[in-house]
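Student: Hi! I've just opened this one and I'm new to it. Could you walk me through it?
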Amino acid sequence: MSPDPAAPVGAYVLDGRDGRVGQVTGHEGGRVQLRPAGGGRAWDCPPHELAPAPPLLVLSARVRALNRESLR
């Protein structure tokens, strides 16, 4: 399967199933691999459930990740 051009590796997307924002890390077996901004446990999502992540949600997710990192 060729990568979904709407979800290139590195893009931030919204998982329509639960509203999580993730960064695309790859495409495998008809699914898109995502990971939270700033790291964390990755998950798979069907491509038809993805939507472009609004910039405000991406910024919010990245700030939360940076805040979490600063507490370590």
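Student: Let's start with N67. Which helix is N67 found in?
Tutor: N67 is found in helix α1. Bear in mind that what we're looking at is a predicted model.
Student: And how does N67 count in terms of accessibility?
Tutor: N67 counts as partly exposed, because its relative accessibility is 46% and that class lies between 20% and 50%.
Student: How far apart are the C-alpha atoms of N67 and V21?
Tutor: They are separated by 17 Å, and the two residues are 46 residues apart along the chain.
Student: Back to the helix, then. What span should α1 have, going by its residues?
Tutor: Helix α1 covers residues 55–70, which makes 16 residues. At 1.5 Å a residue it should span 22 Å, and its end C-alpha atoms are 22 Å apart, so the two agree.
Student: Nice. Which residues of α1 are buried?
Tutor: V58, A61 and A65 are buried in α1. They sit on the same side of the helix, because they cover an arc of only 70 degrees around the axis. As a general rule, an α-helix has 3.6 residues a turn, so residues three or four places apart point the same way.
Student: Which residues are exposed on the other side of α1?
Tutor: That other side has P55, L56, L59, L66 and S70 as exposed residues.
Student: What do the buried residues of α1 pack against?
Tutor: Two strands: β1, residues 12–15, and β2, residues 21–28.
Student: What about β1 and β5, how many bridges join them?
Tutor: There are 3 bridges joining β1 to β5, and these strands run antiparallel. One of the partners is A51 in β5, which bridges to L14.
Student: You mentioned Q23. Is it buried or exposed?
Tutor: Q23 is buried, because its relative accessible area is 17% and the cut-off is under 20%. Q23 lies in strand β2. Beyond its neighbours within four places in sequence, Q23 is in contact with G10, A11, Y12, Q33, L34 and R35.
Student: Last topic: which residues make up the largest nonpolar core?
Tutor: That core has 8 residues: A7, V13, V24, V32, L34, W43, C45 and L50. The elements giving two or more residues to it are β3, residues 31–35, and β4, residues 43–45. Apart from it lies another core of 6 residues, among them L14, A37, A53 and A61.
Student: And what is V24 in contact with?
Tutor: Leaving aside neighbours within four places in sequence, V24 has contacts including A7, V13, V32 and L34. In soluble globular proteins, nonpolar side chains tend to be buried together.

Note on methods
Residues numbered from 1 in each chain as written. Predicted model: local features only at pLDDT ≥ 70, side-chain atom pairs only at ≥ 80, totals over all residues. Heavy atoms only, no water. Core = buried A, V, L, I, M, F, W, Y, C linked by side-chain atoms within 4.5 Å. Buried < 20%, exposed > 50% of the residue type's maximum accessible area, 1.4 Å probe, protein only. Helix = DSSP H or I, 4+ residues; strand = E, 2+ residues; numbered from the N terminus. Contact = heavy atoms within 4.5 Å. Expected span 1.5 Å × (residues − 1). Arc of directions from axis to C-beta. Pairing = 2+ DSSP bridges.
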